[in-house]
Amino acid sequence: MPMTIKCITDTAELAAFCAKVADLDYITVDTEFLREKTYYPKLCLIQVAGQENQAIIDPLADGIDLSAFYELLNKEDLVKVFHACRQDLEIFYQKTGKVPSPVFDTQVAAMVTGHGDQVGYETLVNRILNRRLDKSARFTDWSMRPLSQKQLAYALSDVTHLCDIYELFKAELDRSDRHSWLEEEMVSTTQLSNFEIDPKESWRKIKSRGTEPRFLAVLREVAAWRELEAQQRDVPKNRIVRDEALLDIAGSKPRNAKELAKIRGVSDGFAEGKLGNGLLTAVSQAMALPESELPRVPKKERLPDGIGPLSDLLKVLLKKQSEEHQVASRLIANASDLELIAGQKKPDVPAMHGWRYELFGRQAEDLKAGRLALAAKGNNIKIIELGEE
């Protein structure tokens, strides 16, 4: 008979569970949330597992206090294991003002140990553990109550298999002596700046070809206004006004409700109401800025002739090195990094520092300087050392 899965819905029960797992070496953690109708993700479930303990916590239960769990997340001698942790960390940061520490992300560990680039949890379970997940409850509305046993089992499987995956990756990192590689990525992933939202910078996420400073100033101010409105109302930004309309507003710079209502996607009611007034105030503030305070986007420099082919050669070298050393190439360098390596004498990119330099950067320098060549032999690429010119 299958085990009945219960949710923790009471503060005392949660405190007892947290006390039980507090002295473990690690716990695995996952969340279920919704954010289609809100600005901030709505936390609906928290799943936790240790070597012999597992639980589903219901954060929507009446009167439950999650403080004991949040204290667990910040316990420095307890590793918190996630898979693709970014959104989970964002939720916990919004709830507590802190990012859990220390964190181990199995998706990053997979990249460090050569198991793939941004590999999914289900793929890892299939490939590494040779198990199959029942994904039939994938599209559950996790805010609905009660949840069925099938839904709870699906949610719990996201942390139970993760225990075994963590153990295997930890052993691989021990053998390859790559713990410092993972730790470096975790420091970058868990920086507070990744989760702090500055409304004045939100315009940078809007895709635009416009570069004229006054256009950018209006876009910056109206995007910041929208961000703050969405936060205060806890609704998605596009429910306030869509990106396309903000771009049109930045281009036409309306001075009154009548001009604002002419923008596609802006209704008369919006233009003449409180939201329209706030948006027009943002436009007016941008138009009043002196030239010295207008934002400017630096022009992308045209690459010198020959850089394109050299970047392609560096890409081949990167692919070879990443396969040979069993590490995801994306973890070493991206296309922009390769262009900078090709075009600059001393590019300040991650690939030219630390373990990445030893793995790829040094050979990239040799390739540029003519001290190294690439040749095809059958299905393989061979590196040929040419020595000094």
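Where is the place of Pro146? I found Pro146 in the loop between helix 5 and helix 6.

**Ground rules.** I am working with a predicted model, where local features need pLDDT of at least 70, side-chain atom pairs count only at pLDDT 80 or more, and totals for chains, interfaces and linings use all residues. Residues are numbered from 1 along each chain as its sequence is written, and side-chain values use heavy atoms, with hydrogens and water left out. My helices (H or I, at least four residues) and strands (E, at least two) are DSSP runs numbered from the N terminus.

I noted another cis peptide bond, joining Ser101 and Pro102, with omega about -10 degrees. Pro102 sits in the loop between helix 3 and strand 6. A reminder to myself: most residues other than glycine have a negative phi, and most peptide bonds are trans. Next I checked phi. Ala84 has a positive value near 55 degrees and belongs to the loop between strand 5 and helix 3. Asn130 also has a positive phi, near 55 degrees, and lies in the loop between helix 5 and helix 6. For accessibility I call a residue buried under 20% relative accessible area, exposed over 50% and partly exposed in between (1.4 Å probe, protein chains only). Ala84 is partly exposed at 33%, while Asn130 is exposed at 63%.

**Domains.** I have domain 1 (7-194), domain 2 (199-293) and domain 3 (307-385), with bounds from an automatic or database domain assignment. The centres of domain 2 and domain 3, taken over C-alpha atoms, are 43 Å apart. The unreviewed UniProt entry annotates residues 212-293 as "domain: HRDC"; such annotations may be inferred rather than shown by experiment. I looked up that span: 71% helix, 0% strand, and end C-alpha atoms 13 Å apart.

I traced an open sheet of 6 strands, order 1-4-3-2-5-6, with mixed pairing; two strands pair if DSSP finds at least two bridges between them. Strand 1 (7-8) and strand 6 (103-105) are the edges. Strand 3 (residues 42-49) runs antiparallel to strand 4 (residues 54-57) over 4 bridges, and Val48 stands opposite Ala55 in strand 4.

**Aromatic pairs.** I counted 10 pairs, taking rings of Phe, Tyr and Trp (its six-membered ring) with centres within 6.5 Å; planes under 30 degrees apart are stacked, over 60 edge-to-face and the rest tilted. Tyr39 and Tyr40 are edge-to-face because their planes stand at 80 degrees, with ring centres 4.8 Å apart. Tyr39 is buried at 10%, but Tyr40 is partly exposed at 31%. Tyr93 and Phe195 form a tilted pair, with centres 6.1 Å apart and planes at 35 degrees. Tyr93 is in helix 3 (residues 86-96) and Phe195 in the loop between helix 7 (179-189) and helix 8 (213-233), so this pair ties together parts 102 residues apart in sequence. Tyr93 counts as buried at 16%, and so does Phe195 at 6%. I also saw Phe69, Tyr70, Phe82 and Phe92 linked by ring pairs into a cluster.

**Last stop, Asp117.** What is Asp117 in contact with, leaving aside its neighbours within four places in sequence? I got Met111, Ala328 and Arg330, using heavy atoms within 4.5 Å as contact. Asp117 is in the loop between helix 4 (106-112) and helix 5 (121-129), and is partly exposed at 40%.
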